[in-house]
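Welcome, and thanks for taking a look at this one. Please open the sequence and the model side by side, and let's walk through them together.

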Amino acid sequence: MLLENLSYVEVEGYLSEKDIILIPVGSVEQHSPYGLIGTDFITAEEIAKEIGKRMDILVAPTIPYGMSQHHMAFPGTITLSPETFISFIKDIVNSLLSHGFKKIVFINGHGGNINPVNTAFEQLKYEGKPGIFRIISWFLLPEVQEVEKTLFGEENGFHATPSEVSITKYFRPEAFKTKPSNKKENEKINTYWPLNKEEFKKAYPDGRMSSSPWLATQKYGKLIFEEAVKVIEEEIRKIMKTDPIL
């Protein structure tokens, strides 16, 4: 059920039966020496694809780039400005609305995307656009956080977490052959937010935010992935049962 693999005729057939589409969205940003730069879009993409397969729902191509300006002091990070990202999301939603999609759900893997995506939704509604627009961030789901707490306790932290690194280890184990696994000091930092790139690098020199990514394993990744898929699938079923007003 990947949009990229269909013809427009097949999309027309899909729209005669369903009006929902999932869009994975993440970021291209550092995840410490232990994690992959593509972590956020890899996790969102794999979760969205699995839900699409299980529920026979169309999945749009992944949006890899997000709002990651605070990570720009680390090489390899690529960011969109908040203004650009908001406009980008609006253009995507407007395109899908024009074809008859009425339920547009972003499966999100990056915290920095939440505010601009919701702002895009608010602006679309201000402009009178009909439909149900949602962003579901898998890492904020209480059920997922409960699994993380059981596995990692307070060591999960807030960025470059063993949770997200575990999921990427599950799907891309080969990529971790060159990554370190040694334990380091894990400090709790009290700072403000938002931060610019220099402030972030000073507060978090190796890119971790109170996290212990060396605890990540493929086994844990499978557990966390399956919990995220299960919970989001339940939420999608609720959305599918909701009729848009217009």
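A residue is called buried when its relative accessible area is under 20%. With that cut-off in hand, helix α6 (residues 162–171) turns out to be mostly covered, as 7 of its 10 residues are buried.

## Confidence in the model

Please keep in mind that this is a predicted model. The protein chain has a mean pLDDT of 97, and 100% of its residues reach 70 or more. Confidence is lowest in helix α7 (residues 197–203), with a mean of 97, and highest in β1, at 99.

## Helix α6 and its surroundings

Which residues of α6 are buried? They are P162, S163, E164, V165, S166, I167 and T168. The buried residues of α6 find their packing partners in α2 (39–55), α5 (142–152) and α8.

## The sheet

Now to the strands. An open sheet is formed by 4 strands, in the order β2-β1-β3-β4, with parallel pairing. At its edges stand β2 (58–59) and β4, each with a single partner strand, so one side of each has no neighbour in the sheet.

Strand β1 (residues 20–25) runs parallel to β3, and 6 bridges join the two. Here I21 stands opposite I104 of β3. On the β4 side, β3 pairs with strand β4 (residues 132–137) in the parallel sense, again over 6 bridges, and I132 in β4 is the bridge partner of K103. Together with helix α4 (residues 114–126), β3 and β4 make a right-handed β-α-β unit.

## Strand β3 and its lysine

Why can β3 be called largely enclosed by the rest of the structure? In strand β3 (residues 103–108), 6 of the 6 residues are buried, so the rest of the structure largely encloses this strand. In a regular strand, side chains alternate between the two faces of the sheet. In β3, K103, V105 and I107 point one way, while I104, F106 and N108 point the other way, and all are buried.

The side chains of K103 and D19 are joined by a polar contact of 2.9 Å. Leaving aside neighbours within four places in sequence, K103 is in contact with D19, I20, I21, I132, I239, M240, T242 and P244.

## The nonpolar cores

How many residues does the largest nonpolar core have? This core has 51 residues, and those with the most contacts inside it are I104, F106 and I236. Helix α8 (residues 218–241) gives the most to this core, with 8 residues. Another core, of 7 residues, lies apart from it, and includes V28, L36, V165 and A216. V165 is also one of the buried residues of α6.

As for I236, its contacts, leaving aside neighbours within four places in sequence, are with I20, L22, I51, M55, I57, V105 and I136.

Methods: Residues numbered from 1 in each chain as written. Predicted model: local features only at pLDDT ≥ 70, side-chain atom pairs only at ≥ 80, totals over all residues. Heavy atoms only, no water. Core = buried A, V, L, I, M, F, W, Y, C linked by side-chain atoms within 4.5 Å. Buried < 20%, exposed > 50% of the residue type's maximum accessible area, 1.4 Å probe, protein only. Contact = heavy atoms within 4.5 Å. Pairing = 2+ DSSP bridges. Right-handed = clockwise from strand over helix to strand, strands pointing away. Polar contact = N/O pair within 3.5 Å; in protein donor to acceptor, adjacent residues only side chain to side chain. pLDDT = per-residue confidence, 0-100.
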